[in-house]
Amino acid sequence: MRVVEGYADVDDVDDFVAELDRVGSEFDCAVTALDARYVAGRRHLEAAVERANRAFTRDDAIADDRAIEILLYAAGRRQISRALEMGVGAGRGPVVVVVDAGEGVSDDGEPGDEVAAAEAVAALLDPAEVLGTERDEARLCEFFDVPDIELAATDASLEDLVVERVSLLAIEK
């Protein structure tokens, strides 16, 4: 898994996503863009990618596309329409893009090239550190349904609680 971060100027969301899909297809990788304000941290992304890959390996995926499956796990949601809330929106915004070759071998038996895919994605962004620096804790608490009382009752970090919700998606299927 590679993470590319920065700011994106998105005129048309569909065109931006289509370009990411093109990069993913060219380099045999799943490419998933997320609004950085909804990402609790790197472990959040790692958990989503790990669980999405596991679901595909076990033929237990919700979506037909691994990039969408990663989005579903990152959002902790089964419905694509609800998960898309944490996707990239129109305008300029902080973006975190996950590039993952999965088990390292595509359907045609060739290894995916995460490095080249990440470089192609980086060319679409204004590079900047946004993972963690742009996260919006109030937005995360609302989106992942983490009430103040839960935060007060535990020593776990907000990222820990979000990762727990990512993990619960597999159980709720």
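Predicted model: local features only at pLDDT ≥ 70, side-chain atom pairs only at ≥ 80, totals over all residues.
Start by selecting Glu 159: its relative accessibility is 14%, under the 20% limit, so this residue counts as buried.

**Stop 1: around Glu 159**

Colour helix α8, residues 158-172, and you will find Glu 159 in it. Now show what surrounds this side chain. Leaving aside neighbours within four places in sequence, Glu 159 is in contact with Ala 40, Gly 41, Arg 42, Arg 43 and His 44, and also with Arg 135.

**Stop 2: helix α5**

Next, select residues 114-122, which form helix α5. Begin where the helix starts: a side-chain oxygen of Asp 113 comes to within 3.3 Å of the backbone nitrogen of Val 115. Then pick out the buried residues of α5, namely Glu 114, Ala 116, Ala 117, Ala 118 and Val 121. What do they pack against? Show β1 (2-10), β2 (30-35) and β3 (91-100), together with helix α1 (13-27), and you have the packing partners of these buried residues.

**Stop 3: the second largest pocket**

To centre your view, select Val 17, Ala 33, Ile 68, Leu 71 and Leu 84, the closest to the pocket's centre of the 15 lining residues. Which element gives the largest share of the lining? That is α1, with five residues.

Key
Residues numbered from 1 in each chain as written. Heavy atoms only, no water. Buried < 20%, exposed > 50% of the residue type's maximum accessible area, 1.4 Å probe, protein only. Helix = DSSP H or I, 4+ residues; strand = E, 2+ residues; numbered from the N terminus. Contact = heavy atoms within 4.5 Å. Polar contact = N/O pair within 3.5 Å; in protein donor to acceptor, adjacent residues only side chain to side chain. 1 Å grid on protein atoms, 1.4 Å probe; cavity = no way out; pocket = protein on both sides within 12 Å on 5 of 7 lines; lining within 4 Å.
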